[in-house]
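Below is a short briefing on one model. It covers a helix, ring contacts and a sulfur link.

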Amino acid sequence: MKLRPTVAGVFSIVALISTSLFAQWVPYPTAGAPRSPDGRVRLDAPTPRTPDGKPDLSGLWQTVRTGTGQVVVGADVSPLSRTSQFWNIGAGLQGDLPLRPWAFELRNKRIADQSKDNPDAHCLPIGLTQLHNHPQPRKMIQTPSLVLMLYEANGGIRQIFTDGRPLPSTDPQPWWYGYSIGKWEGDTLVVETTGFRDGGWLDVNGAPLTDQGKMTERFRRLDYGTLEIEVMVDDPKAYTKPFTAVKVRQRLMPDDELIEFVCAENEKSTQRFQK
């Protein structure tokens, strides 16, 4: 008998792992963190800054999950009524995503297949918008020329170059995370990413991202403990117009560290996925 695991089951396991096992190191005080007299980190303290005055985005961050109550009018697939952008990237919009007909059909097929081909369910790299909303934390390390993002989910590594280089223009090899460059506009780090692999997923439901896609992310550290990220997607191959669907907040996890998460080790689920 073939079993088709539900996506809810797959991702609830990931969430359980991330919330119950992330503290593998003995808690160790974060150097330089502002603290109250009882030793707790003051998350409402002012935004830390680098020697050149820019906001310092460094830290271990965990997504603050919120629902919107949005339901797509006329949708015949119930997963679109989910209120988390991790599941439905359009949950913060009025109405549905501006999908082209083929992309609309592809998303419906992915939903009907219970998202069994989502990269996260196969221990493969996850799309950037899924990562921003993923329950597992991520660590940001900021230097003058590079922002490095270490994703606990599937051990992902992403580089955002802030050294002035342009995006590749010579038909680069497509990457799971694309190629990212960033520049500062005041206190906001604006990141542009292109060069994605074709057939990507923006959410668990399967809203597509193609090799023509471009993402523009805006990172703002509002105070010591709060990071805000806004994402605009421009993919003329799959959507009729650009849209800003993601505005997520992440909370600092002081005195903590990432775990080593090796999804493929002893993995036995995919052999039971229905073809």
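Which residue lies over the face of Trp176? Arg197 does, at 4.0 Å from the ring centre. This is a predicted model, where local features need pLDDT of at least 70, side-chain atom pairs count only at pLDDT 80 or more, and totals for chains, interfaces and linings use all residues. Residues are numbered from 1 along each chain as its sequence is written, and side-chain values use heavy atoms, with hydrogens and water left out.

**Charges over rings**
- A charge sits over a ring if NZ of Lys or CZ of Arg is within 6 Å of the ring centre and within 35 degrees of the ring normal.
- Arg221 places its charged end over the ring of Tyr224, 5.0 Å from the centre.

**Helix H2**
- Helices (H or I, at least four residues) and strands (E, at least two) are DSSP runs, numbered from the N terminus.
- Ala103, Arg107, Asn108, Arg110 and Ile111 of H2 are buried (under 20% relative accessible area; exposed is over 50%, partly exposed in between, with a 1.4 Å probe and protein chains only).
- These residues lie on the same side of H2, because they cover an arc of only 160° around the axis (taken from the directions from the helix axis to the C-beta atoms).
- On the other side of H2, Pro101, Glu105, Lys109 and Ala112 are exposed.

**Disulfide**
- Cys123 and Cys263 form a disulfide, S to S 2.1 Å (the cut-off is cysteine sulfur atoms within 2.5 Å).
- The pair links distant parts of the chain, 140 residues apart.
- Cys123 counts as buried because its relative accessibility is 19%, whereas Cys263 is partly exposed at 23%.
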